[in-house]
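Hi there,

Here is the structure I promised to pass on to you. Have a look at it first, and then read my notes below.

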Amino acid sequence: MGQWFSRTSDDTHHQDSAFSFNKYFKNFKVENKIISQNTISLIESYLQKGDIQGAASAISGALREIDNAPLDLAVTGESGAGKSSFINALRGVGHEGKDAAPVGVVETTMERTAYKHPNFPNVRIWDLPGIGSPNFQPKDYLEKVKFREYDFFIIVSATRFKKNDLDLAKAIKIMKKNFYFVRTKVDSDLQNEELSKPTTFDREKVLRQIQEDCVRNMKNNIDEPEVFLISNNNLSEYDFPIMMDTLIKDLPAQKRHLFMLSLPNVTEAAIERKRVAQQQYIWLDALRAGAPAIMPLQIIINNNTMEKLQKILNNYQVLFGVDEPSLKALAKHLRVPVERLKDSIKSPTLLETEKEETAGEMFMRYLKNVLINGGGPLGAGLYCQEIYYMQLLMLDTVADDAKVLLKETYSGK
(Lines give C-alpha, C1' and ligand atoms only; values in the text may rest on other atoms or scores of the structure.)
Protein backbone atom coordinates (compact mmCIF):
# COMPACT_ATOMS: atom_id res chain seq x y z
CA MET A 1 0.00 0.00 0.00
CA GLY A 2 1.35 3.40 -0.95
CA GLN A 3 1.81 6.38 1.35
CA TRP A 4 -0.91 8.99 1.69
CA PHE A 5 1.15 12.07 2.50
CA SER A 6 4.69 13.39 2.09
CA ARG A 7 6.72 12.97 5.28
CA THR A 8 9.90 13.90 7.12
CA SER A 9 9.82 11.38 9.99
CA ASP A 10 7.41 8.59 10.84
CA ASP A 11 5.95 10.36 13.90
CA THR A 12 5.55 13.62 12.04
CA HIS A 13 4.03 11.80 9.11
CA HIS A 14 1.49 10.02 11.32
CA GLN A 15 0.46 13.23 13.04
CA ASP A 16 0.20 15.07 9.72
CA SER A 17 -1.92 12.27 8.27
CA ALA A 18 -4.35 12.37 11.17
CA PHE A 19 -4.45 16.18 11.13
CA SER A 20 -5.15 16.33 7.38
CA PHE A 21 -7.88 13.71 7.61
CA ASN A 22 -9.58 15.50 10.50
CA LYS A 23 -9.17 18.90 8.82
CA TYR A 24 -10.92 17.67 5.68
CA PHE A 25 -14.01 16.42 7.50
CA LYS A 26 -14.22 19.54 9.65
CA ASN A 27 -15.18 21.39 6.46
CA PHE A 28 -18.60 19.71 6.49
CA LYS A 29 -21.66 20.18 8.65
CA VAL A 30 -22.68 17.09 10.58
CA GLU A 31 -25.70 16.51 8.32
CA ASN A 32 -23.45 16.52 5.22
CA LYS A 33 -20.92 13.97 6.46
CA ILE A 34 -21.33 10.50 5.02
CA ILE A 35 -19.60 8.78 7.95
CA SER A 36 -20.26 9.30 11.63
CA GLN A 37 -18.02 11.29 13.97
CA ASN A 38 -17.20 8.05 15.81
CA THR A 39 -15.90 6.55 12.56
CA ILE A 40 -13.91 9.69 11.76
CA SER A 41 -12.33 9.57 15.24
CA LEU A 42 -11.54 5.85 14.84
CA ILE A 43 -9.77 6.38 11.51
CA GLU A 44 -7.91 9.38 12.91
CA SER A 45 -6.68 7.31 15.87
CA TYR A 46 -5.29 4.64 13.53
CA LEU A 47 -3.48 7.32 11.52
CA GLN A 48 -1.97 8.87 14.64
CA LYS A 49 -0.51 5.48 15.57
CA GLY A 50 0.73 4.90 12.04
CA ASP A 51 -1.58 1.91 11.63
CA ILE A 52 -2.35 2.44 7.94
CA GLN A 53 -3.79 -1.06 7.60
CA GLY A 54 -6.17 -0.42 10.49
CA ALA A 55 -7.26 2.89 8.98
CA ALA A 56 -7.86 1.25 5.61
CA SER A 57 -9.87 -1.52 7.25
CA ALA A 58 -12.02 1.03 9.13
CA ILE A 59 -12.64 2.95 5.90
CA SER A 60 -13.54 -0.27 4.07
CA GLY A 61 -16.06 -1.10 6.77
CA ALA A 62 -17.59 2.37 6.61
CA LEU A 63 -17.91 2.28 2.81
CA ARG A 64 -19.36 -1.22 2.96
CA GLU A 65 -22.02 0.03 5.40
CA ILE A 66 -22.85 2.90 3.05
CA ASP A 67 -23.08 0.62 -0.01
CA ASN A 68 -25.26 -1.96 1.72
CA ALA A 69 -27.43 0.26 3.92
CA PRO A 70 -31.17 -0.24 3.34
CA LEU A 71 -33.55 2.69 3.64
CA ASP A 72 -37.27 2.09 4.13
CA LEU A 73 -39.63 5.03 4.50
CA ALA A 74 -43.37 4.71 4.98
CA VAL A 75 -46.00 7.05 3.52
CA THR A 76 -49.53 6.94 4.89
CA GLY A 77 -52.66 9.05 4.76
CA GLU A 78 -56.29 9.10 3.67
CA SER A 79 -57.34 8.38 0.08
CA GLY A 80 -57.11 11.42 -2.15
CA ALA A 81 -54.34 12.98 -0.07
CA GLY A 82 -51.74 12.55 -2.81
CA LYS A 83 -49.72 9.70 -1.29
CA SER A 84 -49.01 7.97 -4.58
CA SER A 85 -48.13 11.23 -6.33
CA PHE A 86 -45.75 12.05 -3.47
CA ILE A 87 -44.10 8.63 -3.73
CA ASN A 88 -43.65 8.99 -7.49
CA ALA A 89 -42.22 12.49 -7.08
CA LEU A 90 -39.70 11.29 -4.49
CA ARG A 91 -38.56 8.55 -6.87
CA GLY A 92 -38.44 10.82 -9.92
CA VAL A 93 -41.02 8.65 -11.69
CA GLY A 94 -43.89 9.98 -13.82
CA HIS A 95 -47.43 8.83 -13.03
CA GLU A 96 -47.54 6.86 -16.28
CA GLY A 97 -44.13 5.31 -15.76
CA LYS A 98 -43.66 1.56 -15.76
CA ASP A 99 -43.09 1.27 -12.01
CA ALA A 100 -45.19 4.23 -10.86
CA ALA A 101 -47.42 4.01 -7.82
CA PRO A 102 -51.02 4.04 -9.15
CA VAL A 103 -52.69 7.43 -8.87
CA GLY A 104 -56.49 7.72 -8.67
CA VAL A 105 -59.43 9.49 -7.10
CA VAL A 106 -60.42 6.39 -5.13
CA GLU A 107 -58.39 4.47 -2.57
CA THR A 108 -55.81 2.54 -4.60
CA THR A 109 -53.75 1.23 -1.65
CA MET A 110 -55.41 -1.85 -0.17
CA GLU A 111 -52.24 -3.34 1.31
CA ARG A 112 -48.76 -2.06 2.02
CA THR A 113 -46.75 -1.85 -1.19
CA ALA A 114 -43.03 -1.20 -1.64
CA TYR A 115 -41.73 0.95 -4.51
CA LYS A 116 -38.00 0.78 -5.15
CA HIS A 117 -36.08 3.81 -6.31
CA PRO A 118 -35.18 3.26 -10.00
CA ASN A 119 -31.48 4.03 -9.43
CA PHE A 120 -31.06 2.94 -5.80
CA PRO A 121 -32.73 -0.43 -5.16
CA ASN A 122 -31.81 -0.24 -1.45
CA VAL A 123 -34.22 2.69 -1.12
CA ARG A 124 -37.80 1.51 -0.74
CA ILE A 125 -40.76 3.82 -0.28
CA TRP A 126 -43.75 2.03 1.21
CA ASP A 127 -47.28 3.07 0.32
CA LEU A 128 -49.37 2.18 3.37
CA PRO A 129 -53.16 1.94 3.49
CA GLY A 130 -54.78 4.86 5.28
CA ILE A 131 -55.38 4.32 8.97
CA GLY A 132 -59.06 3.61 9.58
CA SER A 133 -59.64 1.90 6.23
CA PRO A 134 -61.71 -1.33 6.51
CA ASN A 135 -58.80 -3.73 6.96
CA PHE A 136 -56.57 -1.34 8.93
CA GLN A 137 -58.32 -0.10 12.04
CA PRO A 138 -56.42 2.19 14.46
CA LYS A 139 -56.00 -0.29 17.32
CA ASP A 140 -53.82 -2.72 15.34
CA TYR A 141 -52.68 -0.52 12.45
CA LEU A 142 -48.96 -0.35 13.31
CA GLU A 143 -48.66 -4.10 13.79
CA LYS A 144 -50.46 -4.86 10.53
CA VAL A 145 -48.23 -2.54 8.47
CA LYS A 146 -45.09 -3.94 10.25
CA PHE A 147 -43.95 -0.57 11.61
CA ARG A 148 -40.59 -1.92 12.85
CA GLU A 149 -39.34 -2.23 9.25
CA TYR A 150 -39.39 1.52 8.50
CA ASP A 151 -36.78 4.16 9.21
CA PHE A 152 -39.43 6.87 9.49
CA PHE A 153 -43.05 7.70 8.63
CA ILE A 154 -44.53 10.48 6.51
CA ILE A 155 -48.17 11.23 7.27
CA VAL A 156 -49.87 12.91 4.32
CA SER A 157 -53.06 14.98 4.17
CA ALA A 158 -54.59 17.33 1.60
CA THR A 159 -56.69 19.07 4.28
CA ARG A 160 -56.52 19.10 8.07
CA PHE A 161 -54.94 16.15 9.81
CA LYS A 162 -57.63 13.96 11.33
CA LYS A 163 -57.79 12.28 14.75
CA ASN A 164 -56.58 8.98 13.26
CA ASP A 165 -53.49 10.75 11.86
CA LEU A 166 -52.70 12.30 15.23
CA ASP A 167 -53.27 9.04 17.12
CA LEU A 168 -50.95 7.30 14.66
CA ALA A 169 -48.26 9.95 15.21
CA LYS A 170 -48.46 9.50 18.99
CA ALA A 171 -48.21 5.72 18.62
CA ILE A 172 -45.18 6.06 16.33
CA LYS A 173 -43.52 8.35 18.87
CA ILE A 174 -44.07 5.80 21.64
CA MET A 175 -42.31 3.25 19.40
CA LYS A 176 -39.37 5.69 19.17
CA LYS A 177 -39.68 6.21 15.41
CA ASN A 178 -39.63 9.57 13.64
CA PHE A 179 -42.71 10.91 11.84
CA TYR A 180 -43.34 13.96 9.68
CA PHE A 181 -46.57 15.68 8.65
CA VAL A 182 -46.90 16.65 4.98
CA ARG A 183 -49.73 18.86 3.76
CA THR A 184 -50.10 18.34 0.00
CA LYS A 185 -51.88 20.17 -2.83
CA VAL A 186 -51.08 23.66 -1.56
CA ASP A 187 -50.72 24.78 -5.17
CA SER A 188 -54.39 23.92 -5.73
CA ASP A 189 -55.36 25.79 -2.57
CA LEU A 190 -53.48 28.87 -3.73
CA GLN A 191 -55.03 28.72 -7.17
CA ASN A 192 -58.56 28.40 -5.76
CA GLU A 193 -57.98 31.25 -3.33
CA GLU A 194 -56.68 33.51 -6.07
CA LEU A 195 -59.67 32.71 -8.29
CA SER A 196 -62.14 33.48 -5.51
CA LYS A 197 -60.34 36.61 -4.23
CA PRO A 198 -58.38 38.05 -7.17
CA THR A 199 -58.00 41.57 -5.75
CA THR A 200 -57.06 40.71 -2.17
CA PHE A 201 -55.10 37.50 -2.80
CA ASP A 202 -51.88 37.31 -0.78
CA ARG A 203 -49.84 34.17 -1.47
CA GLU A 204 -47.71 34.24 1.69
CA LYS A 205 -50.72 35.00 3.87
CA VAL A 206 -52.64 32.03 2.47
CA LEU A 207 -49.69 29.68 3.03
CA ARG A 208 -49.33 30.96 6.58
CA GLN A 209 -53.03 30.38 7.21
CA ILE A 210 -52.83 26.80 5.92
CA GLN A 211 -49.82 26.13 8.16
CA GLU A 212 -51.41 27.72 11.24
CA ASP A 213 -54.67 25.86 10.70
CA CYS A 214 -52.89 22.50 10.55
CA VAL A 215 -50.79 23.24 13.65
CA ARG A 216 -53.73 24.62 15.63
CA ASN A 217 -55.66 21.43 14.95
CA MET A 218 -52.78 19.35 16.39
CA LYS A 219 -51.63 21.32 19.41
CA ASN A 220 -53.67 19.43 22.00
CA ASN A 221 -52.36 16.12 20.69
CA ILE A 222 -48.79 16.62 19.42
CA ASP A 223 -45.98 18.56 21.12
CA GLU A 224 -44.42 21.17 18.82
CA PRO A 225 -45.99 19.85 15.60
CA GLU A 226 -44.19 20.68 12.36
CA VAL A 227 -46.08 20.59 9.08
CA PHE A 228 -44.42 20.76 5.66
CA LEU A 229 -46.47 22.33 2.87
CA ILE A 230 -45.70 20.87 -0.55
CA SER A 231 -46.91 20.48 -4.09
CA ASN A 232 -46.27 17.13 -5.75
CA ASN A 233 -46.30 18.96 -9.08
CA ASN A 234 -43.41 21.27 -8.17
CA LEU A 235 -41.06 19.99 -5.49
CA SER A 236 -38.77 23.01 -5.68
CA GLU A 237 -41.53 25.22 -4.30
CA TYR A 238 -42.89 25.57 -0.76
CA ASP A 239 -41.43 23.38 2.03
CA PHE A 240 -40.14 20.32 0.17
CA PRO A 241 -36.45 21.43 0.27
CA ILE A 242 -36.80 22.25 3.99
CA MET A 243 -38.39 18.86 4.64
CA MET A 244 -35.54 17.07 2.87
CA ASP A 245 -33.00 18.95 5.01
CA THR A 246 -34.87 17.84 8.12
CA LEU A 247 -35.04 14.18 7.07
CA ILE A 248 -31.35 14.13 6.18
CA LYS A 249 -30.37 15.56 9.57
CA ASP A 250 -32.43 12.94 11.39
CA LEU A 251 -30.96 9.91 9.59
CA PRO A 252 -27.77 8.09 10.67
CA ALA A 253 -24.73 8.90 8.52
CA GLN A 254 -24.67 5.83 6.23
CA LYS A 255 -28.40 6.07 5.45
CA ARG A 256 -28.13 9.83 5.10
CA HIS A 257 -25.71 9.40 2.18
CA LEU A 258 -28.03 6.99 0.38
CA PHE A 259 -31.05 9.24 0.91
CA MET A 260 -29.17 12.32 -0.32
CA LEU A 261 -28.16 10.60 -3.54
CA SER A 262 -31.67 9.30 -4.19
CA LEU A 263 -33.42 12.68 -3.94
CA PRO A 264 -34.52 14.55 -7.07
CA ASN A 265 -32.52 17.59 -8.21
CA VAL A 266 -35.07 20.19 -7.17
CA THR A 267 -32.64 22.94 -6.13
CA GLU A 268 -28.99 23.85 -6.70
CA ALA A 269 -28.42 23.17 -3.00
CA ALA A 270 -29.67 19.60 -3.43
CA ILE A 271 -27.31 19.07 -6.37
CA GLU A 272 -24.39 20.54 -4.43
CA ARG A 273 -25.15 18.30 -1.46
CA LYS A 274 -24.96 15.26 -3.74
CA ARG A 275 -21.66 16.48 -5.16
CA VAL A 276 -20.14 16.99 -1.71
CA ALA A 277 -21.36 13.60 -0.51
CA GLN A 278 -19.92 11.83 -3.54
CA GLN A 279 -16.66 13.75 -3.21
CA GLN A 280 -16.27 12.37 0.31
CA TYR A 281 -16.90 8.86 -0.97
CA ILE A 282 -14.24 9.27 -3.66
CA TRP A 283 -11.62 10.41 -1.18
CA LEU A 284 -12.41 7.73 1.36
CA ASP A 285 -12.12 5.15 -1.41
CA ALA A 286 -8.79 6.71 -2.44
CA LEU A 287 -7.42 6.60 1.09
CA ARG A 288 -8.52 3.01 1.48
CA ALA A 289 -6.70 2.05 -1.71
CA GLY A 290 -3.49 3.80 -0.74
CA ALA A 291 -1.86 6.64 -2.68
CA PRO A 292 1.51 8.07 -3.72
CA ALA A 293 3.19 10.62 -1.47
CA ILE A 294 3.57 13.30 -4.15
CA MET A 295 1.39 15.08 -6.65
CA PRO A 296 1.54 13.64 -10.20
CA LEU A 297 3.59 15.68 -12.67
CA GLN A 298 1.59 14.37 -15.60
CA ILE A 299 -1.36 12.07 -16.20
CA ILE A 300 -1.21 9.50 -18.98
CA ILE A 301 -4.42 7.65 -19.78
CA ASN A 302 -4.35 4.25 -21.50
CA ASN A 303 -7.30 2.45 -23.08
CA ASN A 304 -8.03 0.40 -19.97
CA THR A 305 -8.18 3.52 -17.79
CA MET A 306 -10.37 5.28 -20.35
CA GLU A 307 -12.89 2.43 -20.20
CA LYS A 308 -13.01 2.69 -16.41
CA LEU A 309 -13.44 6.45 -16.60
CA GLN A 310 -16.28 6.17 -19.11
CA LYS A 311 -18.12 3.73 -16.84
CA ILE A 312 -17.65 6.04 -13.84
CA LEU A 313 -18.81 9.03 -15.87
CA ASN A 314 -21.92 7.15 -16.96
CA ASN A 315 -22.72 6.37 -13.32
CA TYR A 316 -22.38 10.03 -12.35
CA GLN A 317 -24.63 11.06 -15.23
CA VAL A 318 -27.35 8.69 -14.00
CA LEU A 319 -26.89 9.91 -10.42
CA PHE A 320 -27.35 13.56 -11.42
CA GLY A 321 -29.97 12.99 -14.10
CA VAL A 322 -27.88 13.98 -17.11
CA ASP A 323 -27.77 10.55 -18.75
CA GLU A 324 -29.30 9.94 -22.18
CA PRO A 325 -32.76 8.74 -21.00
CA SER A 326 -33.03 11.64 -18.55
CA LEU A 327 -32.05 14.16 -21.23
CA LYS A 328 -34.66 12.74 -23.62
CA ALA A 329 -37.36 12.86 -20.94
CA LEU A 330 -36.49 16.46 -20.06
CA ALA A 331 -36.41 17.49 -23.72
CA LYS A 332 -39.88 16.01 -24.18
CA HIS A 333 -41.14 17.85 -21.09
CA LEU A 334 -39.66 21.16 -22.23
CA ARG A 335 -40.64 20.52 -25.86
CA VAL A 336 -37.16 21.21 -27.15
CA PRO A 337 -34.74 19.06 -29.20
CA VAL A 338 -32.54 16.86 -27.02
CA GLU A 339 -29.50 18.16 -28.94
CA ARG A 340 -30.20 21.62 -27.54
CA LEU A 341 -29.86 20.30 -24.00
CA LYS A 342 -26.69 18.40 -24.90
CA ASP A 343 -25.17 21.55 -26.39
CA SER A 344 -25.71 23.36 -23.09
CA ILE A 345 -23.74 20.86 -20.97
CA LYS A 346 -20.21 19.44 -21.00
CA SER A 347 -20.24 15.88 -19.69
CA PRO A 348 -21.51 14.12 -22.88
CA THR A 349 -18.26 15.03 -24.67
CA LEU A 350 -15.94 15.20 -21.66
CA LEU A 351 -13.94 12.09 -22.55
CA GLU A 352 -13.91 12.49 -26.31
CA THR A 353 -10.41 11.85 -27.63
CA GLU A 354 -10.58 14.00 -30.77
CA LYS A 355 -9.64 17.25 -29.05
CA GLU A 356 -6.66 19.57 -29.15
CA GLU A 357 -6.23 18.93 -25.43
CA THR A 358 -5.73 15.30 -24.37
CA ALA A 359 -7.73 13.88 -21.49
CA GLY A 360 -4.55 13.68 -19.42
CA GLU A 361 -3.79 17.36 -20.03
CA MET A 362 -7.36 18.28 -19.15
CA PHE A 363 -7.15 16.44 -15.83
CA MET A 364 -3.81 18.09 -15.00
CA ARG A 365 -5.29 21.52 -15.72
CA TYR A 366 -8.18 20.74 -13.40
CA LEU A 367 -5.78 19.56 -10.70
CA LYS A 368 -3.70 22.75 -10.92
CA ASN A 369 -6.83 24.91 -10.66
CA VAL A 370 -7.91 23.05 -7.51
CA LEU A 371 -4.47 23.51 -5.97
CA ILE A 372 -4.42 27.22 -6.78
CA ASN A 373 -7.85 27.69 -5.17
CA GLY A 374 -6.86 25.57 -2.17
CA GLY A 375 -10.19 23.75 -1.97
CA GLY A 376 -11.42 20.29 -1.14
CA PRO A 377 -9.21 17.43 0.06
CA LEU A 378 -6.13 18.87 -1.63
CA GLY A 379 -6.48 21.97 0.51
CA ALA A 380 -6.30 19.69 3.53
CA GLY A 381 -3.12 18.03 2.23
CA LEU A 382 -4.72 14.82 0.99
CA TYR A 383 -3.22 13.29 -2.15
CA CYS A 384 -4.24 10.14 -3.98
CA GLN A 385 -3.86 8.00 -7.09
CA GLU A 386 -4.43 9.63 -10.46
CA ILE A 387 -7.76 7.98 -11.25
CA TYR A 388 -9.33 9.62 -8.21
CA TYR A 389 -8.40 13.10 -9.42
CA MET A 390 -10.07 12.20 -12.69
CA GLN A 391 -13.20 11.11 -10.83
CA LEU A 392 -13.35 14.47 -9.07
CA LEU A 393 -13.23 16.34 -12.38
CA MET A 394 -15.99 14.18 -13.83
CA LEU A 395 -18.07 14.62 -10.69
CA ASP A 396 -17.72 18.41 -10.77
CA THR A 397 -18.55 18.53 -14.48
CA VAL A 398 -21.68 16.40 -14.15
CA ALA A 399 -22.88 18.34 -11.08
CA ASP A 400 -22.45 21.61 -12.99
CA ASP A 401 -24.40 20.10 -15.89
CA ALA A 402 -27.22 19.19 -13.52
CA LYS A 403 -27.40 22.81 -12.35
CA VAL A 404 -27.59 24.01 -15.96
CA LEU A 405 -30.48 21.61 -16.66
CA LEU A 406 -32.23 22.68 -13.48
CA LYS A 407 -32.24 26.28 -14.71
CA GLU A 408 -33.58 25.09 -18.06
CA THR A 409 -36.36 23.20 -16.32
CA TYR A 410 -37.62 26.09 -14.23
CA SER A 411 -36.94 28.92 -16.66
CA GLY A 412 -39.74 27.79 -18.94
CA LYS A 413 -37.39 27.81 -21.91
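A residue counts as buried if its relative accessible area is under 20%, as exposed if over 50%, and as partly exposed in between (1.4 Å probe, protein chains only). Please keep in mind that this is a predicted model, where local features need pLDDT of at least 70, side-chain atom pairs count only at pLDDT 80 or more, and totals for chains, interfaces and linings use all residues. Residues are numbered from 1 along each chain as its sequence is written, and side-chain values use heavy atoms, with hydrogens and water left out.

Let's begin with one strand. Helices (H or I, at least four residues) and strands (E, at least two) are DSSP runs, numbered from the N terminus. Strand β4 covers residues 152–157, and six of its six residues are buried. F152, I154 and V156 point one way from β4, while F153, I155 and S157 point the other way.

Which strands pair with β4? Two strands pair if DSSP finds at least two bridges between them. Strand β1 (residues 71–77) is parallel to β4, with five bridges, and G77 has V156 as its bridge partner. Strand β5 (residues 178–183) also runs parallel to β4, joined to it by six bridges. Here I154 stands opposite Y180. Between β4 and β5 the chain passes through helix α6 (residues 163–174), and this β-α-β crossover is right-handed. Right-handed means that, with the strands pointing away from the viewer, the path from the first strand over the helix to the second runs clockwise.

Now for the rings. Rings of Phe, Tyr and Trp (its six-membered ring) pair if their centres lie within 6.5 Å; planes under 30 degrees apart count as stacked, over 60 as edge-to-face and the rest as tilted. There are seven aromatic pairs by this rule. Why is the pair of F152 and F259 edge-to-face? The ring centres are 6.1 Å apart and the planes of F152 and F259 stand at 75 degrees, so the pair is edge-to-face. F152 belongs to β4 and F259 to helix α10 (residues 253–262), so this pair ties together parts that are 107 residues apart in sequence. F152 counts as buried because its relative accessibility is 2%, and F259 is buried too, with a relative accessible area of 3%.

Next comes the core. A nonpolar core is a set of buried Ala, Val, Leu, Ile, Met, Phe, Trp, Tyr and Cys residues joined through side-chain atoms within 4.5 Å. The largest one has 86 residues, and those touching the most other members are I35, L73, I154, F240 and F259. Helix α17 (residues 386–411) gives the most to this core, with 11 residues. With contact meaning heavy atoms within 4.5 Å, and leaving aside neighbours within four places in sequence, I154 is in contact with residues including L73, F86, Y180 and L247.

Finally, here are two lysines to look up. K146 is not a glycine, yet has a positive phi of about 60 degrees; K146 lies in the loop between α5 (141–144) and β4. At 43% relative accessibility, K146 is partly exposed. K176 also has a positive phi of about 60 degrees without being a glycine, and lies in the loop between α6 and β5. K176 counts as exposed, at 76% relative accessibility.

Happy exploring!
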